[in-house]
Amino acid sequence: MRSKTAAMLLAVFFGYWTWVYTFCLDWWKFVVGVISAVLTFALLILPAVLSMSGDAETKLTECLDCGQRWQDDAGGDAPSVCQACGSANIRVTQVTESEPGRSPLLRTLALVCFAGTFCCSWLWPVIHTALRPSAFYADYPLYGK
Ligand SMILES: [Zn+2]
């Protein structure tokens with residue numbers, strides 16, 4: 001004997017945790033929900049982790065007198081004179097390489113994955129519980145047997 005109202009409230013507020021309420025029959029749905037929730041969490045923190053390691057910055061320096069160009073890694077001081085002719089007439093350009101998490105394709109992919117896991121861990125429990133007949137909960141766990 002279970003209450004559909006209770007199952008519905010659990011689904012709306014706690015998503016896939018509603019399966020615990022009818023665990024004997026819905027344990028595999030709970031497993032799907034847990035996996036989806038872990039994937040969603042991973043997708044939320046993955047871009048932050050990627051941007052921490054992939055934020056590469058380089059300085060491009062060009063001598064305006066002799067045309068010599070060279071490149072420095074981030075962190076070092078910008079050179080004040082040309083390494084080839086000694087002229088101070090140089091131009092430094094900061095170049096920040098694009099982070100992997102900022103690529104449009106990856107962002108779209110992450111969004112699609114996020115929508116999918118959101119559906120599995122919240123939308124599906126809510127709809128499935130709403131569509132179940134009240135008798136399923138009244139006769140639990142013997143409904144249909
Ligand atoms: Zn030069």
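Predicted model: local features only at pLDDT ≥ 70, side-chain atom pairs only at ≥ 80, totals over all residues.
Let's start with α1, which covers residues 4–14. Its buried residues are A7, L10 and A11. Looking down the axis of α1, these buried residues fall within an arc of 100 degrees, so they line one face of the helix. The exposed residues T5 and F13 sit on the face of α1 turned away from that buried side.

What do the buried residues of α1 pack against? Their partners are α2 (18–21), α4 and α5 (134–138). Just after α1 comes G15, with a positive phi of about 60 degrees.

## S36 in helix α3

Next, have a look at S36, which belongs to α3, the helix of residues 23–53. S36 counts as buried because it has 21 C-beta neighbours inside 10 Å, and the cut-off for a buried residue is 20 or more.

Setting aside neighbours within four places in sequence, S36 is in contact with T117, C120 and S121. S36 and C113 are 77 residues apart along the chain, and their C-alpha atoms are separated by 9.6 Å.

Helix α4 takes in residues 104–131. At 1.5 Å a residue, its 28 residues should span 40 Å, so the 37 Å between its end C-alpha atoms agrees with expectation. Do notice the kink of about 45 degrees in α4, which is centred on C119.

The buried residues of α4 are T117, C120, S121, W122, P125 and T129. Among them, T117, C120 and S121 are in contact with S36.

Notes: Residues numbered from 1 in each chain as written. Helix = DSSP H or I, 4+ residues; strand = E, 2+ residues; numbered from the N terminus. Buried ≥ 20, exposed ≤ 12 C-beta atoms within 10 Å, placed from the backbone. Contact = placed C-beta atoms within 7 Å. Expected span 1.5 Å × (residues − 1). Bend = angle between axes of the 7 residues up to and from the residue. Arc of directions from axis to C-beta.
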